[in-house]
Amino acid sequence: MKTQKLMSLLFFICFSSIMIGQSKNTDEAISLANKNILVVWGGWDGHQPEVFAKKISKWAKQMGAHVIVSDSLGVYSNKDLMDKQDLIIQYWTMGEISKEQSEGLIEAVKKGTGLVGCHGGIGDSFRNNTDYQYMVGGQWVTHPGGKINYTVQISNTGDPVTEGLQDFEIQNTEQYYMHVDPNVRVLATTTFNADHDAWIEGNSMPVVWKKHHDKGPVFYISIGHNPEDFDHPAVWTMLTRGIDWAITGGKD
Ligand SMILES: [Zn+2]
């Protein structure tokens, strides 16, 4: 019995240390002071994009940024507004974007404005627009099994975004199977098993990446089906560090 208690205590101490390690956020190292961020949300309601937009806007304001929130893609064709932005954070699943709006967004990024997003928010937007997909670096194609538990492997611990983080399990959410541009720099991956589609067993898939589209830094994380996914300390840490990376010009 004593041994059991000791083991439980040891487990608790180890587990707490891991959680503290994972949640050691970089907020104190991130400053968004006087940066201009445009948060754009919409598209398929199932992803509750407004919840994400509110959460990330609140955090960015606390970090000192000037934040504009829009539920319309029309902002992308407002050149004066776009020219002022240091970063665009989008959560817009599926939907359609006009040629003018798409060009406005892509031109801003090519000139150096950062783009950050998660899950279907940038990884499954505007399915008929390949210029847009070329900028993001990947496109969702399926999520075998729907909401499941899966493991995320940190594949690049030398990067500031993933530094100090360890592999972790995320629960009751979608494991994205994507078509990915070889130009991305992969920071974390997930491996598919045979539970749902046996023929993809063992395939390693990027979950987090960085890339540039001309001068624009692009950061993506495929987690984020549920608003609660961002309550996982490692997920939130990578997202906020990715924002920090993209808004400061994407330099390493
Ligand atoms: Zn989803």
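**Exercises on strand 11 and its sheet**

Cys-118 stands opposite Ile-221 in strand 11; strands (E, at least two residues) and helices (H or I, at least four) are DSSP runs numbered from the N terminus. Residues are numbered from 1 along each chain as its sequence is written. The model is predicted: local features need pLDDT of at least 70, side-chain atom pairs count only at pLDDT 80 or more, and totals for chains, interfaces and linings use all residues.

**Exercise 1.** Find the neighbours of strand 11 in the sheet.

Step 1. Strand 4 (residues 114-118) runs parallel to strand 11, with four bridges joining them; two strands pair if DSSP finds at least two bridges between them. Gly-117 faces Tyr-220 of strand 11.

Step 2. Six bridges link strand 11 to strand 10 (residues 204-213) in the antiparallel sense. Lys-211 has Val-218 as its bridge partner in strand 11.

Step 3. The open sheet of nine strands reads 2-1-3-4-11-10-9-6-7, with mixed pairing. Strand 2 (66-70) and strand 7 (168-174) are the edge strands, each pairing on one side only.

**Exercise 2.** Decide whether the faces of strand 11 are covered or open.

Step 1. A residue is buried if 20 or more other C-beta atoms, placed from the backbone, lie within 10 Å of its own, exposed if 12 or fewer, and partly exposed in between.

Step 2. Gly-216, Val-218 and Tyr-220 on one side are buried, as are Pro-217, Phe-219 and Ile-221 on the other, so both faces are covered.

Step 3. Because six of the six residues of strand 11 (residues 216-221) are buried, strand 11 is largely enclosed by the rest of the structure.
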